[in-house]
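Here is a model to work through by question and answer. Keep the sequence and the 3D view side by side.

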Amino acid sequence: MTENRAIHLLSPRLANQIAAGEVVERPSSVAKELLENCLDAGAQRIDIDVEQGGVKRLQIRDDGHGIPADQLPLALARHATSKIAALEDLEGVASLGFRGEALASISSVSRLTLTSRTADADQAWQVEVEGRDMEPRVQPAAHPIGTTVEVCDLFFNTPARRKFLRTEKTEFDHLQDVIKRMALARFDVAFHLRHNGKSVLALHPANDEVSQARRIAAVCGDAFLEQALPINIERNGLHLWGWVGLPTFSRSRADMQHFFVNGRIVSDRLVAHAVRQAYRDVMYGGRHPAFVLFLELDPSSVDVNVHPTKHEVRFRENRSVHDFLYSTLHRAIADVRPEDKLEPAS
Ligand code: ADP
Ligand code: MG
């Protein structure tokens, strides 16, 4: 029996740590949240610098619009966001973030430094927090226009969570995966990744077809690009474009399936089902197709506020989205002439 304690409000720190359980699972989930913030801030270049798989240190710098000095402490507070103001805003939310929880959650389970400078400020400012419940102090700093978030010693104060972290390599693989997915979502943005002092990934802005293909190859490999079919179809307000792997390019795992809804990375049961159906007749059981697909539709016909990680979405016109995906993909794959399905002779 637990003793009968009086009801009391949790401290903000504890409340944040509990909430962090929902969005911060490992370095890659920190990276996802921080990268979303960079993109929401209009960044054109993002630099990610990582030590020990991101557990020791994960630093993300952008050249976006920055945060004014007087708002820096607020950025770290729970339920503090600049992205929505009213429930109606959620209806057609175009930003990747809107919950105002990421920085509060991350800073409650790490040592976090937030440095930022806006275009009209003549210098940068910084706040530092570390597992404390006090108001962060704003200090002057040196930084170009934009924002850097440095997250050190993830889960240093939550050993139960730290236990679930895997090897440096595994954590780094997850992290790299998130960055690559983001890089597919935004061809126009440059991404640079360093791990333990070495450059691992340098993706330049890809604003034409040739450089987009180059980015696809850098992320998914040359083999995928050689055996992928570009598609681009619009019907009844639904626009699907991207690259679908030919049935010959099947994989033993579903590890090369990138689906984006209005630029948001999504792993959705409805989408997965439609794709599986489309490939059903041309792919052996147990094999998985590879694809990079972008679905664009009116933001108000998709609900993104389904899950804290925002990985799931809910379509208002469930059925018609499914049918559109299925029929578009089915036709695209069926249209491939038999000789195209042969692997190129090498
Ligand atoms: P959300 O993204 O849901 O608003 P976050 O906790 O991720 O919540 O961020 C809180 C706020 O801090 C954001 O609404 C934004 O105003 C500001 N912010 C965070 N990261 C950045 C960034 N990289 N550049 C500019 N502003 C940022
Ligand atoms: Mg955010």
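Q: Which residue in S8 does Phe191 stand opposite?
A: This is a predicted model. Strand S7 covers residues 190–195 and pairs with S8 in the antiparallel sense over 5 bridges. Within S8, the residue opposite Phe191 is Leu203.

Q: Which residue in S8 does His192 stand opposite?
A: S7 and S8 pair in the antiparallel sense. Phe191 stands opposite Leu203. For His192, the residue opposite in S8 is Ala202.

Q: Which residue takes a positive phi in the hairpin of S7 and S8?
A: The hairpin has 2 residues between the strands. The positive phi there is near 45°, and the residue that takes it is Asn196.

Q: What is the bridge partner of Asp47 in S7?
A: S1 and S7 run parallel and are joined by 6 bridges. His192 already stands opposite Ala202 in S8. In S7, the partner of Asp47 is His192.

Q: Which strands stand at the edges of the sheet of 8 strands?
A: The sheet is open, its pairing is mixed, and its order is S5-S4-S3-S6-S2-S1-S7-S8. An edge strand here has a single partner strand, so one side of it is left without a neighbour in the sheet. The strands in that position are S5 (138–141) and S8 (198–203).

Q: By what angle are neighbouring strands of this sheet turned against each other on average?
A: The sheet in question has the order S5-S4-S3-S6-S2-S1-S7-S8. The average ignores direction, and its value is 15°.

Q: Which strands does H2 touch where it packs on the sheet?
A: H2 has a direction that makes about 10° with that of S2 (57–62). S2 is one of the strands it touches.

Q: Which elements give two or more residues to the shell around ligand 1?
A: The ligand is surrounded by 23 residues, the closest being Asn37, Ala41, Thr81, Gly97 and Ala102. Two helices give two or more residues to this shell: H2 (27–40) and H5 (102–108).

Q: How many charged residues does the shell around ligand 1 have?
A: The shell holds 23 residues. By class, 9 are nonpolar and 9 are polar. The number of charged residues is 5.

Q: How far apart do the C-alpha centres of domain 1 and domain 2 lie?
A: The protein chain is divided into domain 1 (12–203) and domain 2 (221–336). Across the boundary, 11 residues of domain 1 are in contact with 12 residues of domain 2. The C-alpha centres lie apart by 29 Å.

Q: Which helix gives the largest share of the side of domain 1 that touches domain 2?
A: H1 (12–23), H4 (87–91) and H7 (168–185) each supply at least two residues of that side. By class, the side has 7 nonpolar, 1 polar and 3 charged residues. The largest share is 3 residues, and it comes from H7.

Q: Why does Glu168 count as partly exposed?
A: Glu168 is found in helix H7. Leaving out residues up to four places away in sequence, it touches Gln52 and Gly53. A residue is buried at 20 or more C-beta neighbours within 10 Å, and exposed at 12 or fewer. Glu168 counts as partly exposed because its number of C-beta neighbours inside 10 Å is 18.

Q: Which strands are the edge strands of the sheet of 5 strands?
A: This open sheet has mixed pairing and the order S9-S10-S13-S11-S12. Its edge strands each pair on one side only: S9 (228–235) and S12 (264–265).

Q: What angle does the direction of H11 make with that of S10?
A: H11 (residues 318–334) packs on the sheet and touches S9 and S10. S10 (residues 238–245) also pairs with S13 (residues 291–296), antiparallel, over 6 bridges. The angle between H11 and S10 is about 40°.

Q: Which residue in S12 does Val261 stand opposite?
A: S11 and S12 pair in the antiparallel sense over 2 bridges. In their hairpin, Asn262 takes a positive phi near 50°. The residue opposite Val261 is Arg264.

Conventions. Residues numbered from 1 in each chain as written. Chains lettered and ligands numbered in written order. Predicted model: local features only at pLDDT ≥ 70, side-chain atom pairs only at ≥ 80, totals over all residues. Pairing = 2+ DSSP bridges. Helix = DSSP H or I, 4+ residues; strand = E, 2+ residues; numbered from the N terminus. Contact = placed C-beta atoms within 7 Å. Axes fitted to C-alpha atoms, helices over the stretch in contact; angles between N-to-C directions. Near = placed C-beta within 6 Å. Nonpolar A, V, L, I, M, F, W, Y, C, P; charged D, E, K, R; others polar. Domains from an automatic or database assignment.
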